[in-house]
Amino acid sequence: MDCYNESEAVCGFYTMIEDHLEVPFATVVLGVDVKVTRVELTRQEEIVAVCVRGKERQRIPVCDLPLPSPPPAGAEWIEAYRRWAAGE
């Protein structure tokens, strides 16, 4: 991506994740089965996954989101974002 600053880079990763990640998909967060229904970009410019279980909803940073095996289509963008966020 061609970006001038971190904010633009995060927005670029968010766009690619939102466009390519196949949702919904099931995963396990802290031993609890959840369904990831979408991704969002917070006002703090953090990419989060919206996880649903029954009527409960929780936003989990995608850098912390455990992916199922096999991962959903488009998960390579989450992996790319994780590497970028870690400075790799």
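The model is a predicted one, in which local features require a pLDDT of at least 70 and side-chain atom pairs count only at pLDDT 80 or more, while totals for chains, interfaces and linings use all residues. Residues are numbered from 1 along each chain as its sequence is written, and side-chain values rest on heavy atoms, with hydrogens and water left out.

The secondary structure comprises two helices and four strands, where helices (H or I, at least four residues) and strands (E, at least two) are DSSP runs numbered from the N terminus. Along the sequence these elements follow the pattern α-β-β-β-β-α. The C-alpha atoms fill a box of roughly 40 × 30 × 20 Å, taken along the principal axes. The radius of gyration of the protein is 13 Å, which agrees with the value near 12 Å that a compact globule of 88 residues would have; this radius is taken over C-alpha atoms, and the globule rule is 2.2 Å times the number of residues to the power 0.38. Buried residues make up 33% of the 88 residues, where buried means under 20% relative accessible area, exposed means over 50%, and partly exposed lies in between (1.4 Å probe, protein chains only). Of the contacts with a separation of 6 or more, 38% are accounted for by residues 24 or more positions apart, a contact being defined by heavy atoms within 4.5 Å.

The four strands form an open sheet in the order β1-β2-β3-β4, with antiparallel pairing; two strands are taken to pair if DSSP finds at least two bridges between them. Strands β1 and β4 stand at the edges with a single partner strand each, so that one side of each is left without a neighbour in the sheet. From one strand to the next, the twist averages 45°, and helix α1 lies across β2 and β3, running at about 125° to β2. For such angles, axes are lines fitted to C-alpha atoms, for helices over the stretch in contact, and the angles run from 0 to 180 degrees between N-to-C directions.

The antiparallel strands β3 and β4 are joined by six bridges.

Most residues other than glycine have a negative phi, and most peptide bonds are trans. The peptide bond from Val 23 to Pro 24 is cis, with omega near 5°, and Pro 24 is located in the loop between α1 (6–20) and β1 (25–29). A further cis peptide bond, with omega near 0°, leads from Ser 69 to Pro 70, the latter lying in the loop between β4 (56–61) and α2 (75–85). Leu 30, although not a glycine, has a positive phi of about 50°; this residue is found in the loop between β1 and β2 (32–41) and counts as exposed at 83% relative accessibility. Glu 45, likewise not a glycine, has a positive phi of about 60° and belongs to the loop between β2 and β3 (47–53), where a relative accessibility of 36% places Glu 45 in the partly exposed class.

Arg 82 is placed in helix α2 and is buried, with a relative accessible area of 19%. The side chains of Arg 82 and Glu 79 are joined by a polar contact of 3.0 Å, a term that denotes a pair of N or O atoms within 3.5 Å, of which, within protein, one must be able to donate a hydrogen and the other to accept it, and for which residues adjacent in sequence count only if both atoms are side-chain atoms. When residues up to four places away in sequence are not counted, Arg 82 touches Val 62, Cys 63, Asp 64, Leu 65, Pro 66 and Leu 67. Val 32, found in strand β2, is partly exposed, with a relative accessible area of 30%. With the same exclusion of residues up to four places away, Val 32 touches Thr 27 and Arg 53; Val 32 and Arg 53 are 21 residues apart in sequence and 8.5 Å apart in space, C-alpha to C-alpha.
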